[in-house]
Amino acid sequence: MSTQQGQDAKFFQRGKIEEFRAELQAAEAKDKKFQKRKTVLKKIVANITMGNDMSPLFHDVIQCIGTPLLEIKKMVYLFLVSYGRSKPDQIHLVIPSFLQDCNDRNPLIRALAIRTMSYIPIPVVTEALTDQLRHCLKDRDPYVRKTAAICVAKVYTADPRKAERKGFVELLRDMLIDENATVVSNAVAALSEIGDRQDGVIFKLNLTIANKLLSALGESSEWGQIYILDSLLRYVPEQHADAEMMAERVIVQLQHANSAVVLTTIKVLLYLMNYMGDRRLIDYICRKMGPPLVTLLSSGPEVQYVALRNILLIIQRRPTVLKNDVKAFFCKYNDPIYVKLAKLEIMYRLAREENAREVLAELEEYASEVDVDFVRKAVRSIGRLAIKVEPAADKCIESLLKLIETKVTYVVQEAVIVTKDIFRRYPGKYEGIIPKICENLDALDEPEAKAAMVWILGQFADKIDNAEELLDDLVYSFLDEPAEVQLAHLTAVVKLFIYKSQSEVTKALVHKVLKWATEDIDNPDLRDRGFMYWRMLAMNPAVAAEIVLAEKPAITTDSDRMDRGALDQLLLHTGTLGSIYHKNPETFIRNAAGRALIDSPALNANSRAVLLSLARPLLPPMAISVSGPGPVEPTRPPQPSEAANNVPLPTIMESSRSDERDLLDVEGDDGAGGDSGEGYPEGDDDGPVTKAADPYASLGGAFGGYVTDLPQPVAGGSRGGDLDDLLL
């Protein structure tokens with residue numbers, strides 16, 4: 001094989017169109033074994049690979065499509081895939097050859113023909129492909145059937161409504177119960193691709209089909225297993241026992257050698273846990289998920305990073321998965337910086353009273369590294385550890401003081417920043433270290449560190465004898481500082497004045513800063529705050545003292561946690577780009593459909609309390625219900641009573657889900673008027689209301705079709721804690 005590759009390397013040389021055309025014409029005369037044609041076509045394909053335009057050879061290359069040699073036919077079809085879309089006026093010349101190859105005795109040629117046709121989304125080709133694709137979906141050879149399944153997804157991308165009318169979705173449904181596991185996995189992949197489109201049908205599974213897919217799991221390839229496992233997220237358990245039974249069948253895939261299969265299995269298990277009632281089984285699954293995740297850390301740095309980003313989400317939702325494996329995330333000397341930073345965050349998340357001493361010792365080692373970013377993160381993690389684990393706070397403070405004594409600028413600055421948070425977390429406990437911090441004022445040159453130091457001086461001005469002198473030195477560059485530091489200065493000098501109102505130096509200082517803030521600063525936030533402080537101090541200094549020196553709530557680590565509803569939604573994208581970015585795919589991929597947990601009787605109360613709903617605004621205006629185990633059972637027509645009573649779509653979907661005859665539900669949502677009654681009431685029957693002409697009435701459509709950006713009313717019964725979440 002390597003020898004053949006070495007021989008083919010000589011074809012990757014830029015050639016001229018006229019030379020290739022002459023060689024193809026010369027090969028027609030004396031080329032009984034087709035060796036000359038094969039050589040010329042290899043040169044052409046090599047030039048296409050290098051980015052050279054070979055489209056002028058279209059008419060000459062298609063003359064070779066009738067060659068019985070499979071290798072030549074593959075290269076001609078590759079040429080057509082590259083340039084068929086750009087030659088709509090000449091593509092009809094090859095359609096007879098396409099149709100002939102679709103009926104060839106060789107299954108490889110049949111599959112090659114329909115695959116090539118599906119890659120050319122031109123109406124004349126798609127029309128010719130329709131009947132041939134329907135036959136290939138029922139072909140006797142599984143290779144042709146699995147290729148045809150993927151072709152359906154391509155046809156659906158070219159013309160979704162036509163693919164639905166021709167019944168290709170139903171044919172794909174029938175392939176889910178095929179006896180060949182590869183055909184099943186390809187059918188699942190095609191239906192998943194269709195279902196992930198915002199304008200596509202909704203792909204759902206019920207228990208019967210889900211069990212059939214699990215039966216095909218063991219015989220599928222690695223990527224086939226990933227598609228099948230991922231499709232299980234489209235099954236909504238109606239009972240706790242269904243979710244528990246399915247989890248027991250899926251959990252064996254955690255032992256797979258492929259990291260993608262492992263992450264997809266974990267995604268399915270995390271999803272099914274939301275529908276389980278057996279707490280012991282949930283704990284057992286959590287224990288089982290830990291070792292495979294740790295094993296992923298022995299892979300290359302890229303796989304490690306993907307695993308670490310997913311682990312960061314998993315331990316926020318299920319902390320017990322890796323609660324005893326914090327040592328597995330200790331950094332190695334040869335880890336890339338992005339892996340080290342990811343491990344550092346996970347170490348902090350897993351830290352608790354039992355392992356705080358080990359984690360702190362490891363962080364102290366990291367604080368002496370040479371990489372500046374890594375050292376900053378390590379120092380900040382020491383402060384966060386003190387805030388999170390109260391019994392370890394004393395040791396963390398000692399460690400921070402040692403780091404401050406090193407006089408390393410960026411270390412001192414990070415230590416000052418986290419010390420401010422520690423003062424907020426433990427008021428009145430560690431003020432004794434303030435003199436040590438004040439010795440390093442000259443080392444502070446970053447805005448965040450300066451703001452933290454100024455806050456400390458103002459907050460504890462009554463305990464610092466020379467606070468006014470220190471603040472006066474820092475205020476010297478007030479007009480040149482960033483807004484963050486200026487705001488800290490403004491509040492600090494007001495606190496200083498309240499503490500030491502009899503000092504002439506303090507009076508002059510606060511007057512100078514207030515005058516700068518209200519007269520020389522353009523920032524409206526700073527100016528408004530300056531006016532507010534000035535008026536409070538002038539009208540009632542006692543009230544100003546109560547407001548400015550009011551007791552502040554102790555900070556906690558709750559702000560580090562992701563919202564539970566958003567976390568549940570992100571975990572449905574485990575093992576994808578969304579889990580690396582920690583964003584839902586619909587926010588950065590065009591036309592991607594979102595995912596969310598679906599309510600059912602088996603859904604846990606805690607998960608139901610934070611349930612998020614998804615809107616599919618671009619769906620077709622009709623509902624397509626595909627029922628039955630195969631082509632024998634006819635599609636159930638819509639009942640007249642449903643149309644007469646105007647049953648809303650969610651009711652139809654629920655009823656079809658509970659129908660035991662339906663093995664697969666493929667439904668479209670009503671995007672035209674499904675939400676017309678929520679927030680946008682219909683007109684009254686009393687007649688039109690006469691109103692004065694509104695000169696701005698025509699501006700409603702000035703922003704195009706961005707209707708989704710309009711503020712929507714908050715549903716009162718969806719989440720009980722919405723208001724509290726917004727306030728926090």
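Reader: Where is asparagine 440?
Author: Asparagine 440 sits in the loop between helix H24 (434–438) and H25. Helices here are DSSP runs of H or I with at least four residues, numbered from the N terminus. This is a predicted model, where local features need pLDDT of at least 70 and side-chain atom pairs count only at pLDDT 80 or more, while totals for chains, interfaces and linings use all residues. Residues are numbered from 1 along each chain as its sequence is written, and side-chain values use heavy atoms, with hydrogens and water left out.
Reader: Is asparagine 440 buried or exposed?
Author: Asparagine 440 counts as buried, at 6% relative accessibility. Buried means under 20% relative accessible area, exposed means over 50%, and partly exposed is in between, using a 1.4 Å probe and protein chains only.
Reader: And what is asparagine 440 in contact with, leaving aside its neighbours within four places in sequence?
Author: With those neighbours set aside, asparagine 440 is in contact with Ile404, Lys407 and Val412. Contact means heavy atoms within 4.5 Å.
Reader: Where does lysine 407 lie?
Author: Lysine 407 is in the loop between helix H22 (393–405) and H23. Leaving aside neighbours within four places in sequence, lysine 407 has contacts with Val412, Glu439 and Asn440. The C-alpha atoms of lysine 407 and alanine 443 are separated by 8.0 Å, with the two residues 36 residues apart along the chain.
Reader: Now the helices: at what angle do H23 and H25 pack?
Author: H23 (residues 409–425) and H25 (residues 447–459) pack at about 40°, and their axes are 8 Å apart. That angle makes H23 oblique to H25. Angles under 35 degrees count as roughly parallel, over 145 as roughly antiparallel, 65 to 115 as roughly perpendicular, and the rest as oblique. Axes are lines fitted to C-alpha atoms, for helices over the stretch in contact, and angles run from 0 to 180 degrees between N-to-C directions.
Reader: Which residues make the contact?
Author: From H23 they are Gln413, Val416, Ile417, Lys420, Phe423 and Arg424, and from H25 they are Glu448, Ala449, Ala452, Met453, Trp455 and Ile456.
Reader: Switching topic, how many aromatic pairs are there in the whole structure?
Author: A search finds eleven aromatic pairs. Rings of Phe, Tyr and Trp (its six-membered ring) pair if their centres lie within 6.5 Å; planes under 30 degrees apart count as stacked, over 60 as edge-to-face and the rest as tilted. The rings of tyrosine 366 and phenylalanine 374 have centres 5.1 Å apart and planes at 40°, so this pair is tilted.
Reader: Is phenylalanine 374 buried or exposed?
Author: Phenylalanine 374 is buried, at 1% relative accessibility.

Methods. Helices (H or I, at least four residues) and strands (E, at least two) are DSSP runs, numbered from the N terminus.
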